[in-house]
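Hi there,

Here is the structure I promised to pass on to you. Have a look at it first, and then read my notes below.

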Amino acid sequence: MAPHATVKRAIGLMSGTSMDGIDLAMLDTDGDGNVMRGGSSFAPYDAAFRKQLEQALGTAKAIRERHERPGDLAELETELTERHALAVEAFLAREGLAASNIDVVGFHGQTVLHRPLEGLTVQLGDGARLAERLGIDVVYDLRANDMELGGQGAPLVPAYHRALAAGLPAEWAGETPVVFVNIGGISNITYIGANGDLRAFDSGPGNTLIDQWMSRHAGIPYDSGGAIASEGRVLSGLANRYLSSPFFTARERVSLDRNDFQLPDDDEAGLEDGARTLAFVTAAAIAKAQAHLPEKPKLWILTGGGRHNQQVVEDLTVALRHTGQVIKAEEAGLNGDSMEAEAWAWLAVRSLRGLPITYPGTTGVKKPATGGVLAQAKATAQD
Ligand SMILES: Nc1ncnc2c1ncn2[C@@H]1O[C@H](COP(=O)(O)OP(=O)(O)OP(=O)(O)O)[C@@H](O)[C@H]1O
Ligand SMILES: CC(=O)N[C@H]1[C@@H]2OC[C@@H](O2)[C@@H](O)[C@@H]1O[C@H](C)C(=O)O
């Protein structure tokens, strides 16, 4: 009998396209079917740092080669890396753990540019510095190899979704095909067929337009619970303009950059109607993904911060009413706030083992591919 692969203790760090802060999660895992979820935390960014990250999206447009750091991006990368180090230290202190208790950290960094058609994806985040700072090995740059091999470089969480689907509680275990819907800044879906068939793609804007709308017109970072949207009505002309954009009408899906969809003009809607319409667009975009699935799903599992927006969830439940049950991650015993960070922990262990992290069905890569760069704490400390 083959020996069991070693289980490692890993921490995953995700600073997603919402730019709201750092999600952290700890797993004990073999990077395969053995997944034991541990604690998690969230370190929010203050408004000023968030603004700096938003401005970085503009500065990053000048990047032609992924290691270039024009303007203040090098400085910002150092600051972002330090904030990740502090988040890990605070978590370890809270859990009564030492750095030596952690085998590896999976570090996503902050995407500031994503142009899959040009083979360019840029995440700010200095893996070597983080490894040195924490005294823990760090796996980072998990998207780059996939792109070099012809993939879109995103989404990467789907392989982890499949591992979670294999371990769903008995109540849901037979409900295949199952779809995971991650409603983050951008939304993305993972379809898992009865035979493990994996299909995944970005499905449209998630919370990013809603957040930008709230920030611009109400001075708050998001529409808590969807309360403001619930006071408005859907402006169908505006909604249709989004939903008929080339992203939705194209035969093939491309992975999205945060800047691919723009806010409505100020005079196109009031605060409530704008929030309501953008919540509707978020839900309708996800429903449109059905056209790209091989079979009708039986179960939709909602994850990511957007599942806290009740208006989005209601619109989605209506839009999907003839195509299976819609539940939140928690109803399946999962954690919808930490799932992406968990995925980065799992992917880091997978990367250490040289196992594939992306597949033709997830990123369009030609054949299953591993990825990630390892920064060893000891090696960097001795440099
Ligand atoms: N209580 C809430 N009510 C409404 N929306 C919320 C709430 N809490 C979080 N959100 C939304 O969720 C967003 C954060 O979601 P999440 O952390 O899943 O995104 P992300 O990981 O940054 O993005 P991505 O998955 O695209 O990388 C916030 O910006 C906000 O829009
Ligand atoms: C380039 C990039 O950072 N893409 C993100 C973004 O946010 C959601 C969606 O677009 C997804 O494709 C991806 O993140 C998740 C974590 C992923 O790779 O699965």
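Ligand 1 lies between domain 1 (8-152 + 339-382) and domain 2 (170-332), because both of them give residues to the shell around it. Please keep in mind as you read that this is a predicted model.

How many residues surround ligand 1? There are 21, and the closest are Thr 17, Asp 211, Gly 225, Gly 305 and Glu 340. Sorted by class, this shell holds 14 polar, five charged and two nonpolar residues.

- Gly 185 has a polar backbone atom 2.9 Å from an oxygen atom of ligand 1.
- For Ser 18, the distance from a polar backbone atom to an oxygen atom of the ligand is 3.0 Å.
- With Ile 186, a polar backbone atom and an oxygen atom of ligand 1 are 3.1 Å apart.

On its own, ligand 1 has 650 Å² of accessible area, and the protein covers 87% of this.

**Ligand 2**

Now for the second ligand. Its shell is made of 15 residues, with Thr 111, Arg 143, Leu 156, Val 157 and Asp 202 the closest. Here the classes are seven nonpolar, five polar and three charged. Domain 1 (8-152 + 339-382) and domain 2 (170-332) each contribute at least three residues to the shell around ligand 2.

Which elements supply at least two residues each of this shell? They are strand 4 (104-115), strand 8 (186-192) and helix 12 (339-352). Strand 4 has the largest share, with three residues.

Polar contacts to ligand 2 involve both side chains and backbone. An N or O atom in the side chain of Thr 111 is 2.6 Å from an oxygen atom of ligand 2, and a polar side-chain atom of Asp 202 is also 2.6 Å from an oxygen atom of the ligand. Leu 156 uses its backbone instead: one of its backbone N or O atoms lies 2.8 Å from an oxygen atom of ligand 2. Of the 440 Å² that ligand 2 exposes when taken alone, the protein buries 97%.

**One more residue**

Finally, take a look at Thr 208, which is part of helix 7 (residues 208-218). Is this residue buried or exposed? Thr 208 counts as buried because its relative accessible area is 3%, under the 20% cut-off. Apart from neighbours within four places in sequence, Thr 208 is in contact with Gly 184, Gly 185 and Arg 258.

Note on methods:
Residues numbered from 1 in each chain as written. Chains lettered and ligands numbered in written order. Predicted model: local features only at pLDDT ≥ 70, side-chain atom pairs only at ≥ 80, totals over all residues. Heavy atoms only, no water. Helix = DSSP H or I, 4+ residues; strand = E, 2+ residues; numbered from the N terminus. Buried < 20%, exposed > 50% of the residue type's maximum accessible area, 1.4 Å probe, protein only. Contact = heavy atoms within 4.5 Å. Near = heavy atom within 4 Å. Polar contact = N/O pair within 3.5 Å; in protein donor to acceptor, adjacent residues only side chain to side chain. Areas by Shrake-Rupley, 256 points an atom, 1.4 Å probe, with all protein chains shown as cover. Nonpolar A, V, L, I, M, F, W, Y, C, P; charged D, E, K, R; others polar. Domains from an automatic or database assignment.
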